[in-house]
Amino acid sequence: MSASTSEQLQPVILSALNAAADGTVPDSRALLVDGQPVGEAGQGAVKAAIDSLWSKEMVDSTQITTTTYVLTDEGVQIVASGSHEYRVWQALPTKGAGQPMTVPELKKLVGEEVTKVGQGRAMKNKWIAKDGAGFVRAAEAPADETAEQLRHIQSRGDHPAGETLIKDLQKRKLILPRKTIHYSIRKGPQFALEVKKLETDLTAEMIASGSWQAASFKQYNFAAAGQPTEGGALHPLLKVREEFRQIFFDLGFTEMPTNRFVESAFWNFDAMFVPQQHPAREMQDTFYLKDPVKALPPDEAYYQRIAKIHEEGGHGSIGYRAPFSRQESERLLLRTHTTAVSTQMLYDIANQPGGFKPAKLYSIDRVFRNEATDATHLAEFHQVEGVVADYGITLGHLIGFMKEFFAKTGNHKLRFKPAYNPYTEPSMEVFSYHEGLGKWIEIANSGVFRPEMLEPMGLPKGVRVLGWGMSLERPTMIKYKIGDIRTLVGHRTDLEQVKRRPAVRLEKGDD
């Protein structure tokens, strides 16, 4: 019989209620369609039919949830072939009628799993006994109660022995619970054998003709939830980014233009005094462009000063004493850090009309690394960077500024650890104590830009530049308790979570 629809079941329900002496149908599974009971499979359509009739106040109903049990694959096998303990008993000889059977022999005969489970249960039931190095039968014709119990459950869905037996069979993974739903149905205040069509709107034509007086109207459901309004939502990264921007603005910084993802190797590496032989410049760490391959050249005089500082040194440095390749310098790549932008900005400041003026600059934008993605790494991420250029500033100023800056993000417990960067000396890693995690975590890298980077730009002697950088994703993951960065950015992002996540307050610290 094909599945019945809600429309087919409505007259069936009304007829059954009308025929019942007490005006009820105690079990909707017993409803007959074409002489066949609807059963458990048809309860979805029954629910739809009941809901439709209930909206017209023709019926009321009560949902009844029952639990029945079905056999697992192992349970079905026991019904067909007997329980493990019974099969072990069957395989053994009667005492004195044959050679006692050892465990390895039993495994060959009935299988390892049957032997493992059945031997212990058969011994517990005193069906078998130990005889020397093997086993023999100790009972003449035991009843296989487990198989009989499972046959009863297979046919009835339950067992009269009750909860203790059911729990034991579940523990042995022989049966599984299955919840089923059916309904008790009774007549409603507007019960009738014919389903009337209810009007949903009062029209001008109905008023003019007077037909509204005889019409039946569908009740208005004031409790029904309306269609939720959809609106835009800021991604968590944008919320944290805006907090960082406000901190920089409060400290008097100017935002740098960072809308160019493609950079030349000259600005990304060479001008920053990163040697052309540095491992970070290899293909496995940096994305290089195939087309176009060659970048526009920088100012030639500046290029020659950079080449000289790499090959021969200067400004108190011996350089790298390695050949400097113009071809390598002209390669195009996806920038690996926004410091490439900071470098160009410092060059422009050094050569602006009127000469150098102190500056405080920041940027927050995307960078790219040729890295394998995992829970904490992506091939592209966002870098937060700041630089301060002025006369006479020192490492002490950098430490003081780090404390001021990170205090505004809620990080008050800081530690500074010496580090190495090709373009800063001295360099420091910045650690903060995370109260929620209960440990120190690295939050930034920082340092004082080297003279080999600054003086070829034309910056006056005595000008020093402090710089630091950190990722945007890490503080975002900490604030929103996100364990896998791939669920923050990319195709795994849960858009519903993006909509629901609240605004962030960095100054409140980590919780």
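Phe 401 and Phe 405 lie four residues apart in helix α15 (residues 395-407), so about one helical turn separates them; a helix here is a DSSP run of H or I with at least four residues, numbered from the N terminus. This is a predicted model, in which local features need pLDDT of at least 70 and side-chain atom pairs count only at pLDDT 80 or more, while totals for chains, interfaces and linings use all residues. Residues are numbered from 1 along each chain as its sequence is written, and side-chain values use heavy atoms, with hydrogens and water left out.

Phe 401 is buried, with a relative accessible area of 17%, and Phe 405 also counts as buried, at 0% relative accessibility; buried means under 20% relative accessible area, computed with a 1.4 Å probe on protein chains only.

The structure holds 26 aromatic pairs, where rings of Phe, Tyr and Trp (its six-membered ring) pair if their centres lie within 6.5 Å, and planes under 30 degrees apart count as stacked, over 60 as edge-to-face and the rest as tilted. Two of these pairs are set out below.

| Pair | Centre to centre | Angle between planes | Kind |
|---|---|---|---|
| Phe 248 and Phe 253 | 5.3 Å | 65° | edge-to-face |
| Phe 401 and Phe 405 | 6.3 Å | 25° | stacked |

Phe 248 and Phe 253 are both buried. One aromatic cluster includes Phe 248, Phe 253, Phe 401 and Phe 405, and among its other members are Tyr 362 and Trp 468.

Charged groups also meet rings: the charged end of Arg 137 sits over the ring of Trp 89, 4.0 Å from its centre, and that of Arg 331 sits over the ring of Tyr 288, 3.7 Å from its centre. For this, NZ of Lys or CZ of Arg must be within 6 Å of the ring centre and within 35 degrees of the ring normal.

Note on methods:
Buried < 20%, exposed > 50% of the residue type's maximum accessible area, 1.4 Å probe, protein only. Helix = DSSP H or I, 4+ residues; strand = E, 2+ residues; numbered from the N terminus.
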